[in-house]
Amino acid sequence: MTEAAKSINYIQSELIPEMVERCELTIDGIDRNDTVRLDSVEAKPLQADGTFMLTVLYKVKVTLSSAKDGHLQQEHRLVVKITPQCAEEMYIGCQFDTLFENETTAYTDIIPTLGKADLYPRYFYSHRKPFEAVMVLSDYSIDGWKMAPMVVNLPLEYCLLGARALGRFHGECYALKEQHRESFDSIIGKFKEARYGSDPGNMKWMDIMKTGPVRAVKAVRESAFAELIPDEFLQQFAALLSDPWEYQKKSVIPEEPLAVICHGDYLRNNIAFKFADGKTPDKPTHAMMFDFQTLRYASPMIDFATFIANSTGYDVREQHFETIFKTYHDELVQTLCSIIETDPGDLPQHYSYESFRREFTHYYIYGFLIASSFLMILHEPMENIFAMEDWTLEETIEDAMKRGGAVLDKELAAMIYEIYKLHIKFGMDLR
């Protein structure tokens, strides 16, 4: 039996029936004395559609009815997330237990506190057992939400919606921090660092991470940007990022006063969009974040820089970066001020636009490092990413230097140019 077949059998014969029995899945508003009957369960694998995923997703349709009144029915459309069947070493190395624990914290402790449940998938259930983790959420696609059709280089209208959704989330979390610090500290105390909490066991991925900045600097020197960036800056940049893992690990350490609850992996893969009516079906109108497995307490620019570096293209940023950033910051400030009932001019200086721009100048390098090792997979997906385990060091580096081609080379070179310009503009040294 295939892994998918085993998972479908588990969902249909164990997971959903047990949730119904425990009343974790029921008919909304049903009388407490009534009994809910499980009529049917249908499950099928969710297609990746260009999205890189470590966990395995299944779309599930559940039909329930009342034991007293068979005409009283409800259909639930769900998404079930399950860890893949893998060796114990891989399970631990991917930190699946921590990933699912963080996401459970998001749905049980954070989102209910923010009071914006309609802006996130509905949470039903999760469990973590030795080398197995499961989560059940609503299928947001039923309500008209779906992924952006493009995997990279989102058009401006998508970028603005993504920035606004992130600004609202950060603003809500800052309000929680300002008004209910004890509760806020209790929540962030539950977070576990899902990416940098332990040294990576996959050395192939470390080789790819180290190759990314090398490729990017090479791309600069072979492009028109070479005349715009001093070679001394490129040498300093390469030296600073000689150990990307350590740089990123230090970057996620929270620094006050700007540290806030962060999504941790905010890019196109984890953003859903809602679209306009039938007359303009391709026009996005709202954005919603999901997949909180890398939740962390850190600089808000960890999220914004990840989004900018991995989901926007230089063609859009060159013309509209300030618009995107201002959209994010305005939404954050307006949300914060609305909740704590104050005027923007009365906020502490660290919430100012200038403060956030300087913060971004430093953390854009973090976003660049994510992009330098991950964008290649989005530009040119691997049929089986785990096949690289059998590659030699030379094969790994060769692939990392060319995957994604000239298009990716341009994007990586452009990011270094943007980082250089920002550091000059704000008089900041590389660090």
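Glutamine 95 is buried, because its relative accessible area is 12% and burial is defined as under 20% relative accessible area, with exposed meaning over 50% and partly exposed the range in between (1.4 Å probe, protein chains only). The residue occupies the loop between helix H2 (88-93) and helix H3 (96-114), where helices (H or I, at least four residues) and strands (E, at least two) are DSSP runs numbered from the N terminus. Although glutamine 95 is not a glycine, its phi is positive, at about 55°. The model is a predicted one, in which local features need pLDDT of at least 70 and side-chain atom pairs count only at pLDDT 80 or more, whereas totals for chains, interfaces and linings use all residues. Residues are numbered from 1 along each chain as its sequence is written, and side-chain values use heavy atoms, with hydrogens and water left out.

A positive phi is also found at asparagine 153, a residue other than glycine, with a value near 50°. Asparagine 153 lies in the loop between strand S6 (145-146) and helix H4 (156-179). With a relative accessibility of 33%, asparagine 153 counts as partly exposed. A further backbone feature is the cis peptide bond between glutamate 256 and proline 257, for which omega is about 10°. Proline 257 belongs to the loop between helix H8 (244-251) and S7.

At the level of the whole chain, the secondary structure comprises 13 helices and 10 strands. The C-alpha trace spans about 75 × 60 × 45 Å along its principal axes. Of the 431 residues, 54% are buried. Of the contacts (heavy atoms within 4.5 Å) between residues at least 6 apart in sequence, 78% join residues at least 24 apart.

The chain exposes about 19600 Å², of which carbon and sulfur atoms supply 50%; accessible areas come from the Shrake-Rupley method with a 1.4 Å probe, and for residues only the protein chains shown count as cover. There are 44 positive and 66 negative side chains, and the centres of the two sets lie 2 Å apart. In this count Lys and Arg are positive and Asp and Glu negative, with His and the chain ends not counted; each charge is placed at NZ of Lys, CZ of Arg, CG of Asp or CD of Glu.

Histidine 263 is situated in the loop between strand S7 (260-262) and strand S8 (271-275). Its relative accessible area is 0%, so histidine 263 is buried. A polar atom of the histidine 263 side chain lies 2.7 Å from the backbone oxygen of phenylalanine 290. Beyond neighbours within four places in sequence, the contacts of histidine 263 include Phe169, Asn270, Met289, Phe290, Asp291 and Asp303.

Two residues of helix H11 were examined. Threonine 361 lies in this helix (residues 353-379) and counts as buried at 0% relative accessibility. The threonine 361 side chain has a polar atom 3.0 Å from the backbone oxygen of arginine 357. When residues up to four places away in sequence are not counted, threonine 361 touches Leu422, His423, Phe426 and Met428. Leucine 369, also found in helix H11, is buried with a relative accessible area of 2%. Under the same exclusion of residues up to four places away, leucine 369 touches Pro213, Leu241, Pro244, Tyr247 and Gln248. The C-alpha atoms of leucine 369 and leucine 412 are 9.6 Å apart in space, with the two residues 43 apart in sequence.

Alanine 133 forms part of strand S5 (residues 132-138) and is buried, at 0% relative accessibility. The C-alpha atom of alanine 133 is separated by 5.9 Å from that of isoleucine 82, 51 residues apart along the chain. Leaving aside neighbours within four places in sequence, alanine 133 is in contact with residues including Lys81, Ile82, Thr83, Tyr91 and Phe100. By contrast, glutamate 394, in helix H12 (residues 393-402), counts as exposed at 57% relative accessibility.

Technical notes. A polar contact is a pair of N or O atoms within 3.5 Å; within protein, one must be able to donate a hydrogen and the other to accept it, and residues adjacent in sequence count only if both atoms are side-chain atoms.
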